[in-house]
Structures are given as structure tokens and as C-alpha cells.
Amino acid sequence: MPAEPVTPFRLRTTDLLPSTADLVVVGAGVVGCATAFRAARAGFRTVVLDARPRPATLTTPAATGAYRLQFDNAQEVALVREGIELYEDFAALAGLPGHDLGLRPQGYLFCARDEEMAARQRELVERQHGFGLEDVELIDGDEARRRFPFVSDDVISARFRARDGFIDQVRLAWGYAFAASAGPGVERPAESSEATFALGQRVTGLRTVGGRIVAVETHDGAVAAPLVVLATGPFLGRTAALAGVDVPIAPTRRQKVVVADAPEVPADAPMTIDEATGAHWRPALRGAFVLLTEPGTPATDPTWSVPTSADFAFRLLDPASPDSVAAVAPFWADAWERGINWLIVAGQYEYTPDHRPFVGPTPVDGLWLNGGWSGHGVMGSGGGSRLLLDAITGRATGPSWGIAADGPGGNPFRLDRAMEAGRHDVL
Ligand SMILES: Cc1cc2nc3c(=O)[nH]c(=O)nc-3n(C[C@H](O)[C@H](O)[C@H](O)COP(=O)(O)OP(=O)(O)OC[C@H]3O[C@@H](n4cnc5c(N)ncnc54)[C@H](O)[C@@H]3O)c2cc1C
């Protein structure tokens with residue numbers, strides 16, 4: 001018996017560059033596709049341009065596909081919360097009956113192995129409760145082992161939120177794209193418009209007249225438009241420079257070990273993080289995705305092909321390594337002893353100076369940004385793109401958490417905000 005298809009939809013694309021649009025989105029990763037979905041829903045005749053021949057083929061597929069509300073500030077909690085609410089009911093809200101995002105709300109478990117880290121957990125969870133994130137639990141080591149028997153005896157405390165989880169981020173990106181392009185079978189509100197995807201179109205110029213954007217140029221010609229959103233992931237700084245806009249993005253390699261087959265990994269485990277090292281893993285395929293924050297990684301130019309380093313897998317999987325995932329989940333040592341097969345993939349985190357995204361206007365009229373997600377673009381795409389379209393239209397269509405407005409107390413994700421230097425976040 002063939003498996004049920006995960007979606008009955010097909011993307012509508014064009015080989016001919018459209019000559020005009022109400023709004024052009026540059027970039028068809030998960031963020032650009034989300035932007036196109038919101039723009040079409042807001043009634044804009046939208047054109048999406050991407051240099052690559054298929055959507056979601058640069059940074060987006062490299063992601064771990066994980067989402068969480070366990071942030072250290074209320075604004076990112078609100079931004080991501082809105083996206084998760086969309087993903088939890090995506091087929092209905094995006095008008096895509098039968099479209100499966102592979103959502104797995106299995107939780108995030110942050111584990112502490114010493115008193116200092118346990119104290120930091122207590123302080124953070126108290127703050128999270130303070131800004132309304134009341135379903136984050138602080139549990140002791142025994143309770144962590146009762147719920148998750150794989151947890152090591154060394155763990156003395158953990159913070160856990162059951163509704164955090166995992167998503168297939170490529171299906172999410174394509175879901176946004178299907179809903180935006182409104183092909184056969186897509187249900188959409190009468191007042192919405194459609195997006196046309198022109199792929200294999202690298203944007204080489206942004207034409208301005210008198211400080212206003214007027215057109216987007218590719219090797220095939222130009223699309224005239226009064227509104228342009230740049231959603232080019234690690235290339236955001238380079239693309240914005242085409243219009244003379246300086247956007248500080250530091251593309252930084254981030255690797256992921258894919259262990260495709262490891263029966264030791266409990267399929268229902270949460271994302272499990274060692275707070276001390278930042279090493280983390282989550283069940284995926286018949287094994288796991290295993291990752292590590294490498295804070296010293298230097299920023300580079302944006303690139304279409306990110307090299308990997310074999311050492312990375314040894315750092316995470318060899319039980320003798322100080323960063324080994326076996327410290328929190330000893331079954332990884334057994335897997336190592338019997339022999340594990342792995343491969344490494346890599347993408348670039350698109351870091352901003354304060355590790356928060358740029359969602360808002362630029363000094364060029366009509367030119368907008370949706371990027372700099374600093375490693376959170378999958379989980380942030382739903383809320384961020386709604387926020388952006390509200391800012392463009394001047395309408396508040398989302399939850400009123402006060403970030404669509406400009407000015408003091410307004411959008412904290414504007415390019416011209418005051419930025420505190422890099423906060424440390426283990427993921
Ligand atoms: C290893 C790793 C793990 C991650 N894990 C998570 C996670 O668990 N959860 C999470 O939320 N996020 C995660 N992220 C971050 C997430 O993957 C990114 O934030 C997100 O994919 C960014 O999406 P995007 O659409 O902005 O960028 P991309 O997916 O990079 O898309 C940008 C698009 O712009 C196009 N483009 C660039 N320049 C041009 C041009 N001149 N003309 C036309 N097109 C152009 C590119 O072709 C590309 O298709 C992870 C990232 C990595 C690397």
C-alpha cells in the first residue's frame with residue numbers, strides 16, 4: 001500500500017519574468033514563502049523571485065526543524081507563539097486541506113548538571129512565568145528521569161515545556177508557497193490575491209528613484225513594483241547593499257549531524273539540551289539530529305555551499321569529548337561503541353548584532369526586510385511575516401502585542417533600533 005501523500009497541492013511557477021507586481025519578495029526560503037503567503041492574503045499581487053530553481057533549498061533544509069517558546073524575553077515569545085499557533089492548525093488556517101507539516105510537539109528539555117546552572121534555570125523560569133509563559137516547568141533530576149528514563153544521573157535539574165517541538169520546515173515553506181500561489185484546491189479568502197513564483201531569477205539590482213524603490217532587476221529583465229521585501233537569508237546584507245542600504249548580517253556556519261538510524265534514540269524524546277555545553281539532539285528519521293553551538297565560529301561571506309568539518313561529529317558523539325551528548329543521555333555512549341553511521345550538513349546562521357531579526361522598513365521607501373533571524377527563521381516565520389505585512393499596510397491584523405507600530409515602544413525588530421551586542425543563547 002503506498003503511503004498517504006503529505007500534500008495534494010502543486011506550486012504554480014512561471015518561466016517568464018512578470019513585468020509588474022504590487023509587491024516583490026526576493027528569496028523563497030521559509031521566510032520569503034511566509035512573506036508571500038501573508039502578502040497574498042493582504043491582497044497584494046505578489047511576485048516571488050529566487051536565484052535557485054526550487055523553494056527552500058538554501059538554509060531552510062539545513063535547519064533542525066525545532067520550535068520553542070522558551071526564550072528569555074517577552075517579545076520573541078510573542079513572535080514565535082503566533083507562528084506555533086499557525087502551525088498547530090496550518091491546514092485549516094492556510095486553506096490547504098490535507099497538507100501535513102509533520103508537527104511533533106514533544107517538548108524541549110534543558111538539563112543542568114551543576115548547581116550554578118540549576119540556579120540560572122530557576123532565575124530564567126521565574127522570569128518566563130513573569131511574562132506569561134506559565135507552562136514552563138522546573139523539575140529536579142529525579143523527576144526528569146521519571147519522565148525521560150534516558151536522562152543521566154548527573155542531571156540535577158531541568159526546565160521543560162511540553163508544547164515545544166519539531167516541524168518539517170521544508171513542508172512548512174512549501175505550504176506557505178502553495179497557499180500563496182493559490183493553485184487548484186487551495187481555499188483562500190475572497191479578498192486575498194495570489195503570488196507568482198519566478199525561480200532561477202537571481203536579483204542583480206534594486207532600482208530606486210528619488211529614494212523610493214521602483215523595480216527589481218534580474219538577468220532576464222525587471223519587475224516594476226512599489227513594494228519590495230528582501231528575505232534572502234544569509235545574503236540579506238549583500239542584497240540590501242544593491243539599494244545602498246547597510247544591513248549588518250554576519251553569516252556564520254552552523255552544522256548538523258544526521259544520524260539516520262540509531263535504535264537507541266527514543267522516538268518520543270523531547271529536544272534534549274545540555275545547558276553546560278549547548279550540545280543538543282532531537283529524534284529524527286530512525287535516529288536523531290545532533291547539534292552544538294560553536295560560539296567561536298568566525299563570520300564569513302554568505303555562500304551557496306557551506307563546507308562541513310568531520311571533527312564536528314566526533315566532538316558531539318565521542319563519549320570522551322567534553323561536548324559529548326552522552327553526558328546527558330548515556331545511551332549515546334552505547335551507540336558509539338556499537339558504531340554509528342552519520343553525515344553532516346551545514347547552513348549559515350544569519351546573525352544580527354543582537355541576535356534578533358530585522359522585520360521592518362529600510363531608509364529606502366518601499367524597501368522592507370524580513371531576515372537576520374539569527375537561527376530562528378523557521379519558528380519565527382509565521383509571526384514575523386504577519387508583523388511585516390501589518391507594518392506595510394498599517395493595519396493591525398494580529399495579536400495586539402504592540403510591535404506593529406513605529407516609534408518608541410513600537411516595533412523592536414526595526415533595522416534602526418538600538419542593538420545590544422550578541423546575547424548568548426545556547427541554541
Ligand atoms: C544547522 C541549522 C539549524 C537550524 N535550526 C533551526 C531550528 O531548529 N529552528 C529554526 O527556527 N531555525 C533554525 N535554523 C535557522 C533557519 O534555518 C533559518 O533562520 C531560516 O531557514 C532562514 O530562512 P530564510 O528564508 O530567511 O533563508 P534561506 O532559506 O537561506 O532562503 C534565502 C533564499 O534567498 C535566495 N537568494 C539569496 N540571494 C538572492 C538573490 N540575489 N536573488 C534571488 N534570490 C536570492 C536564496 O536562493 C534562498 O533561496 C537553523 C539553521 C541552521 C543552519
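**Exercise 1. Which residues of H1 are buried, and how does the helix's reach compare with expectation?**

Step 1. In H1, the buried residues are Val30, Val31, Gly32, Cys33, Ala34, Thr35, Ala36, Phe37, Arg38, Ala39, Ala40 and Arg41. Buried means that 20 or more other C-beta atoms, placed from the backbone, lie within 10 Å of the residue's own; exposed means 12 or fewer, and partly exposed is in between.

Step 2. That makes twelve of twelve residues buried, and H1 is mostly covered. Helices (H or I, at least four residues) and strands (E, at least two) are DSSP runs numbered from the N terminus.

Step 3. From first C-alpha to last, H1 reaches 17 Å, close to the expected 16 Å; the expected span is 1.5 Å times one less than the number of residues.

Step 4. Just after H1, Gly43 has a positive phi of about 95 degrees.

A word on the model: it is predicted, with local features needing pLDDT of at least 70 and side-chain atom pairs counting only at pLDDT 80 or more, while totals for chains, interfaces and linings use all residues. Residues are numbered from 1 along each chain as its sequence is written.

**Exercise 2. Describe the shell around the ligand and say why the ligand lies between the two domains.**

Step 1. The ligand is surrounded by 38 residues, the closest being Gly27, Gly29, Gly233, Gly347 and Gly377. A residue is near if its C-beta atom, placed from the backbone, lies within 6 Å.

Step 2. Elements that each supply at least two shell residues include helix H1 (30–41), strand E2 (46–50) and helix H10 (377–393).

Step 3. By class, the shell has 18 nonpolar, 15 polar and five charged residues; Gly counts as polar here.

Step 4. Domain 1 (23–99 + 168–248 + 354–393) and domain 2 (108–164 + 251–351) both contribute to the shell, so the ligand lies between them. The bounds come from an automatic or database domain assignment.

**Exercise 3. Work out the order and the edges of the eight-stranded open sheet.**

Step 1. The order is E5-E6-E4-E14-E15-E16-E13-E17, with mixed pairing. Two strands pair if DSSP finds at least two bridges between them.

Step 2. Strand E5 (137–140) and E17 are the edge strands, each pairing on one side only.

Step 3. Neighbouring strands of this sheet are turned by 25 degrees against each other on average, direction ignored; the axes are lines fitted to C-alpha atoms.

Step 4. Inside the sheet, strands E14 (residues 271–274) and E15 (residues 280–284) run antiparallel and are joined by two bridges. Thr272 has Trp281 in E15 as its bridge partner.

Key: Axes fitted to C-alpha atoms, helices over the stretch in contact; angles between N-to-C directions.
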